Amino acid sequence: MIDWSAFLLVLVVTVVASLAIVSVVGLGIRLLAVPTRPGPVGEATDEEEDDVNHNGRPLIATIFAWVSFVAFAAIVLYGIWLIVPAFH
Amino acid sequence: MEWVVILVIVLALLFDFTNGFHDTANAMATPIATRALKPRTAVALAAVLNLVGAFLSTHVALTVSKGLINEDPAGGGVAITPEFIFAAVLAAILWNVTTWLFGLPSSSSHALFGGLIGSALVGAGLGAISWEGLLDKVLLPAVLAPIIAGGTAFLATRLVYRITRRRDGNPNGRGRFKIAQIFSSSLVALSHGTNDAQKTMGIITLVLISAGAISRDDGVPFWVIATCALAIAIGTYSGGWRIIKTLGTGITDVKPAQGFAAETSTAVTILASSHLGFALSTTQVASGSVIGSGLGRRGSRVKWGTAGRIATGWLLTLPASAAIGAAFAALVLLGESGVIIGTAVGLLALAIMFIIARRNRIDAGNVMSDVAEAAEAVSLPVQRRREAAAARRAAAKAKRAAAKAKRAEQAKAAKAKAKAKSKAKAKAKKAKPAKPHTKTKQPASAKQQERGEAS
């Protein structure tokens with residue numbers, strides 16, 4: 001008997017966990033890119049050929065960005081906790 | 001008897017080493033390429049995480065040691081002797097080195113399972129292999145996992161670009177994904193340890209069971225876990241130089257945000273599969289993700305030629321290594337002398353291949369990682385526009401040349417008429433008929449050029 005439910009589980013876990021991770025990290029990075037006042041854009045350009053703007057961003061954006069990164073760490077640690085038998 | 005067991009353990013650890021060596025690039029090529037990590041740091045990090053990953057779980061090891069070879073009907077161990085496991089591991093190593101030499105994408109895991117199947121078939125017949133376990137834990141995951149990873153990477157790439165897109169023209173800060181990539185590649189390295197190191201542990205456990213040193217219901221002995229973890233970590237660290245070379249030859253067009261999405265999908269797929277004991281090819285999962293994420297970027301499409309070549313390499317591995325495994329198993333049937341001959345033949349073949357590799361180190365295409373090659377299977381809009389422009393230019397050139405040739409042809413006809421009318425006039429134009437001849441050749445060369453660019 002082939003255990004199709006195991007494959008389904010891998011599919012669901014992979015899709016849900018990957019999209020969750022990518023969402024929180026993407027959100028955090030997007031929040032870090034919130035500029036407040038218009039001003040000169042930094043000389044540095046990043047990999048995507050965008051200029052990096054460091055002209056101050058609202059504190060709230062920084063805070064939520066870090067909340068997103070902490071959420072990322074939490075998802076990863078929870079995932080590892082789930083698979084290590086020694087923790088159970 | 002005893003020395004065969006020790007030989008298998010040594011060979012299995014060697015296999016583990018080559019596995020780490022082979023796969024470092026999968027995890028760490030992108031962060032080095034985007035300069036998120038220095039090569040040495042990246043390689044050391046990958047080695048440590050492989051080591052840690054190897055200790056995390058033993059599900060895959062148990063699949064290999066218990067799930068693939070049936071119990072011995074005579075009671076006790078498994079229906080295969082250490083000599084045939086020796087044949088299997090030797091076949092896997094040889095196939096691995098051969099594909100590495102020819103730059104063929106292949107899976108170390110499939111080579112191992114192929115060798116085991118071929119050897120068990122010759123050594124103990126059809127009944128020795130648990131076909132159900134093979135289908136459920138090896139063959140189906142081999143097909144499904146890259147597809148799952150690819151689909152997820154596609155969605156993840158779409159999502160990550162949607163979240164970070166901005167319409168007001170301000171910088172979107174996607175370059176910061178470089179830092180995120182340090183974490184996603186670390187996860188890939190960790191997941192590699194949870195799956196690939198386990199296969200060797202499974203083989204060593206299998207040989208111990210087969211020799212009667214431990215019982216079938218025992219878990220994986222701790223010293224086996226520790227030595228396999230070390231072997232894969234050392235292999236990963238040594239593979240670092242190959243990565244640096246890979247980067248010297250130019251890495252594929254993978255952007256940080258896209259790379260992050262691909263690596264996340266790879267790591268999650270492998271970790272989830274390892275937890276259920278699926279022995280899959282980490283390389284194939286990573287390749288699936290890279291292709292999926294490439295397709296997730298706007299306007300990209302698959303180059304079916306390249307994708308087909310990669311798929312052929314994947315399909316070939318299992319039967320080819322099974323054939324080599326069967327051949328070595330036949331040799332082993334001779335008895336202990338067979339094992340000695342097999343070792344000698346294997347070592348000789350390895351030595352020859354290393355000498356060949358040394359001679360044409362760059363041409364062999366062995367500097368590119370399999371995953372980087374998978375990225376080549378997706379063509380992106382920028383690249384395609386460039387190709388289309390080249391094709392258009394070539395076509396226009398051909399057209400112009402054809403028109404010129406036609407004009408020349410007409411002129412020639414007119415000249416022929418004139419020739420009939422007046423011999424004196426024809427003499428003055430004698431130099432010209434040579435021209436149409438050279439010009440009719442041009443369209444052909446232009447077409448050739450076009451064909452060359454299209455392929």
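**Exercise 1. Chain A**

Among contacts in chain A between residues at least 6 apart in sequence, what percentage join residues at least 24 apart?

Solution. Two residues are in contact if their C-beta atoms, placed from the backbone, lie within 7 Å. Of the contacts in chain A between residues at least 6 apart, 49% join residues at least 24 apart. This is a predicted model, in which local features need pLDDT of at least 70, side-chain atom pairs count only at pLDDT 80 or more, and totals for chains, interfaces and linings use all residues. Residues are numbered from 1 along each chain as its sequence is written, while chains are lettered from A and ligands numbered from 1 in the order in which they are written. Chain A has two helices and zero strands; helices (H or I, at least four residues) and strands (E, at least two) are DSSP runs, numbered from the N terminus. A residue is buried if 20 or more other C-beta atoms lie within 10 Å of its own, exposed if 12 or fewer, and partly exposed in between, with C-beta atoms placed from the backbone. Of the 88 residues in chain A, 26% are buried.

**Exercise 2. Chain B as a whole**

State how many helices and strands chain B has, and what share of chain B is buried.

Solution. Chain B contains 17 helices and two strands. Its length is 455 residues, of which 52% are buried. In chain B, 89% of the contacts with a separation of 6 or more come from residues 24 or more positions apart.

**Exercise 3. The core**

Find the residues with the most contacts inside the largest nonpolar core.

Solution. A nonpolar core is a set of buried Ala, Val, Leu, Ile, Met, Phe, Trp, Tyr and Cys residues joined through C-beta atoms within 7 Å. The largest one has 128 residues, and B:Val8, B:Ile85, B:Phe86 and B:Val89 have the most contacts inside it. Helix H1 (residues 2-33) of chain B gives the most to this core, 17 residues. Not counting residues up to four places away in sequence, B:Val8 touches B:Pro82, B:Ile85, B:Phe86, B:Val89 and B:Val207.

**Exercise 4. B:Phe55**

Why is B:Phe55 classed as partly exposed?

Solution. B:Phe55 lies in helix H2 (residues 39-56) of chain B. B:Phe55 is partly exposed because 17 other C-beta atoms lie within 10 Å. Leaving aside neighbours within four places in sequence, B:Phe55 is in contact with B:Ile225 and B:Ala229. In H8(B), both of these are among the buried residues. Helix H8 (residues 222-238) has 17 residues and reaches 24 Å from its first C-alpha to its last, close to the expected 24 Å; the expected span is 1.5 Å times one less than the number of residues.

**Exercise 5. The interface**

Describe the side of chain B that touches chain A.

Solution. The contact takes 40 residues from chain B and 37 residues from chain A. Helix H6 (131-164), helix H7 (177-210) and helix H10 (256-275) of chain B each supply at least two residues of that side. H6(B) bends by about 50° at B:Pro141, the bend being the angle between axes fitted to the seven residues ending there and the seven starting there.

**Exercise 6. Confidence**

Which scores does the model have?

Solution. The model scores ipTM 0.79 and pTM 0.76. pLDDT is the predictor's confidence in each residue, from 0 to 100. Chain B has a mean pLDDT of 78, and 78% of its residues reach 70 or more. Over residues 362-367 of chain B the pLDDT is below 50, and this stretch has 14 contacts in the model beyond near neighbours in sequence.
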